[in-house]
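Here are my notes on this one, point by point. Have the model open while you read.

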Amino acid sequence: MADLKDNTVSELLDGVWLDPKESLVQQIYTILMDCIVNIRLKPGQAMSEKEISDSLKASKTPVREALIKLEDTGLVRVVPKSGTYVSPISLDRYIEACFIRLQLEIGAVRRAAERNNDLRGVLNLETTISRQVKALADGDDQLFFKFDEALHQSFFEMAGISGVWQVVKKSQSDVYRIRHLKRHYNIRREMQVIDEHKAIVSAIRAGSADDAEAALIQHIGSLEAEIDSLSSNPELLDYIELLNSSGKRPGQLR
């Protein structure tokens, strides 16, 4: 498949309007974050404050504040005397995000299984999978991703710890970026994902915390497996900072 398309900021923001009744900073932040996470703005791409301001018909102050928020989340880098750039996908942040999600979600699915008498919660999980299956059949990648996230969020809600999902989600930007990269390069496993989701939900319905944990680990995978997956798909590595804090590359991390 061809490399990612080069979209200018102006092209991406063409036709996007800000609601003057809502926080301009939050709206600009959300719009730009969506462009970055979905790889419409590529890692390393320059982001001109003026171009954003002109495209959104906003003053530079809310744009600057939105870029500061993006810098705080690690999605952009401000280089003195040079400009603002979309950050490369960080191997460190990616591995840390996978670890955070796995550890916290293990606790969620175990607790959800212990609360399997919540039949409404179980039905919600099963309905979400059915909707994800339909999205796959319809070829709707965005809807498939939406229901994927909804299912994982529902594990935390059924466990009675919905606020923890927000903690998880805030750490997942680079996970989402790699997911979209894989989709672009046709590295897909949607049917396997659905089967794994069904296994997790089946274990929750049966009230087996151990089986739910095992099914989740099978679904998310080990950190070593993630590193191997990246290393075996060199087309992805152009967008990833390969060196971690110890100065090693992915193949040397184990």
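1. A word on terms before anything else: helices (H or I, at least four residues) and strands (E, at least two) are DSSP runs, numbered from the N terminus. By that scheme Gln132 is found in helix α6. Bear in mind that this is a predicted model, where local features need pLDDT of at least 70, side-chain atom pairs count only at pLDDT 80 or more, and totals for chains, interfaces and linings use all residues. Residues are numbered from 1 along each chain as its sequence is written, and side-chain values use heavy atoms, with hydrogens and water left out.

2. Let's stay with Gln132. Its relative accessibility is 0%, so Gln132 counts as buried (buried means under 20% relative accessible area, exposed over 50%, partly exposed in between, with a 1.4 Å probe and protein chains only). Leaving aside residues up to four places away in sequence, Gln132 touches Phe144, Phe147, Asp148, Val193, Ile194 and His197; contact here means heavy atoms within 4.5 Å.

3. Now the helix pair. Helix α6 (residues 119-137) packs against helix α10 (residues 190-206) at an angle of about 170 degrees, and their axes are 10 Å apart. Axes are lines fitted to C-alpha atoms, for helices over the stretch in contact, and angles run from 0 to 180 degrees between N-to-C directions. So α6 and α10 are roughly antiparallel to each other (angles over 145 degrees count as roughly antiparallel, under 35 as roughly parallel, 65 to 115 as roughly perpendicular, the rest as oblique). On the α6 side the contact includes Val122, Leu125, Ile129 and Gln132, and on the α10 side Val193, Ile194, His197 and Val201 are among the residues involved. By class, the contact of α6 with α10 has ten nonpolar, two polar and four charged residues. For the classes, Ala, Val, Leu, Ile, Met, Phe, Trp, Tyr, Cys and Pro count as nonpolar, Asp, Glu, Lys and Arg as charged, and the others, Gly among them, as polar.

4. How many salt bridges does the structure hold? There are 16, each being a side-chain nitrogen of Lys or Arg within 4 Å of a carboxyl oxygen of Asp or Glu. Take Asp34 and Arg40, whose closest N and O atoms are 2.3 Å apart. Asp34 is partly exposed at 36% relative accessible area, and Arg40 is partly exposed at 31%.

5. Two salt bridges sit within single helices. Asp54 pairs with Lys50 at 2.7 Å; both lie in helix α3 (residues 49-56), four residues apart, about one turn of the helix. Glu105 and Arg101 meet at 3.2 Å, N to O, and both belong to helix α5 (residues 91-114), again four residues apart. Are Glu105 and Arg101 buried or exposed? Glu105 is buried at 0% relative accessibility, and Arg101 is buried at 6%. Salt bridges that share partners join Arg101, Glu105, Asp148, Glu149 and Arg179 into one network.

6. Last, the rings. The whole structure has two aromatic pairs (rings of Phe, Tyr and Trp, its six-membered ring, pair if their centres lie within 6.5 Å; planes under 30 degrees apart count as stacked, over 60 as edge-to-face and the rest as tilted). Phe145 and Tyr176 are edge-to-face, 5.5 Å centre to centre with 85 degrees between the planes. Phe145 lies in helix α7 (residues 141-158) and Tyr176 in helix α9 (residues 173-184), so the pair ties together parts 31 residues apart in sequence. Phe156 and Trp165 form a tilted pair, 5.7 Å centre to centre and 45 degrees between the planes.
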